[in-house]
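Before reading on, please look over the sequence and the model as a whole.

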Amino acid sequence: MKIFIKNMVCGRCISAVSSIFNDFGIGIQSIQLGEVETESDILDHDMRSIETELEKTGFERIKDSSHQLVEKIKNLIITKISELDIDEDFLLSEFLASKIHKDYSSLSKTFSQNENITLEQFFILQKIEKVKELLLYNEFTLTEIAGKLGYKSVQHLSSQFRNSTGFTPTEFKKLKVHNRKPLDSF
């Protein structure tokens, strides 16, 4: 049985969701961001209990297909960005269409209708959140960050960063309070 779950954005999320299913004695065949496949069907009573536990931990079961698709898109984007290996010729439209096997225009329309933001805006916001994280870790220079996230130049990254946050990357690093949004808040 496939169960789709909202707000799974990292390895710790997979571990937390896996733990919930294990606590209920539900065998998991496979688990990945946004999706759990169980070894057998789950009784309605048990499913309601699992849903309650998921909600207590910040997750939510997704029942309708359009929300499942949106969550799948989000997880693909978040995973791609976290790999820090985006080529400067990367095309979000080709990436998503090839991964989901659907026309990009229909993916974009479904996403926008459900999230009130375009796919491209979501992608940019996620990249900016990753830039903030990398700036705080201080492991990479701005030039290295730009290269890892597919920006053609540091100026392009800085421009998007300023448009999104109101600060230059350098100003952001100097701030005492770093306003980062959790990945599941978009």
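Of the 186 residues of the protein chain, 39% count as buried, where buried means under 20% relative accessible area, exposed means over 50% and partly exposed lies in between, with a 1.4 Å probe and protein chains only. The model is a predicted one, in which local features need pLDDT of at least 70 and side-chain atom pairs count only at pLDDT 80 or more, while totals for chains, interfaces and linings use all residues. Residues are numbered from 1 along each chain as its sequence is written, and side-chain values use heavy atoms, with hydrogens and water left out.

The protein chain holds 9 helices and 4 strands, taken as DSSP runs numbered from the N terminus, with helices (H or I) of at least four residues and strands (E) of at least two. Read from the N terminus, these elements follow the order β-α-β-β-α-β-α-α-α-α-α-α-α. The C-alpha trace spans about 55 × 40 × 25 Å along its principal axes. Among the contacts (heavy atoms within 4.5 Å) with a separation of 6 or more, 61% join residues 24 or more positions apart.

Turning to the interior, a nonpolar core is a set of buried Ala, Val, Leu, Ile, Met, Phe, Trp, Tyr and Cys residues joined through side-chain atoms within 4.5 Å. In the largest such core, which has 30 residues, those that touch the most other members are I73, I77, L92, L96, L119 and L149. Two or more residues of this core come from each of α3 (65-82), α4 (92-100), α5 (104-115), α6 (119-137), α7 (142-148) and α8 (154-165), and the largest share, 7 residues, is given by α6. If residues up to four places away in sequence are not counted, I73 touches L96, I100, L107, F111 and L119. A second, separate core has 17 residues, including I3, C13, V17 and I50.

Most residues other than glycine have a negative phi. H101 is also exposed, with a relative accessible area of 68%. A second residue other than glycine with a positive phi is N116, where the value is near 55°. N116 lies in the loop between α5 and α6, and at 74% relative accessibility N116 counts as exposed.
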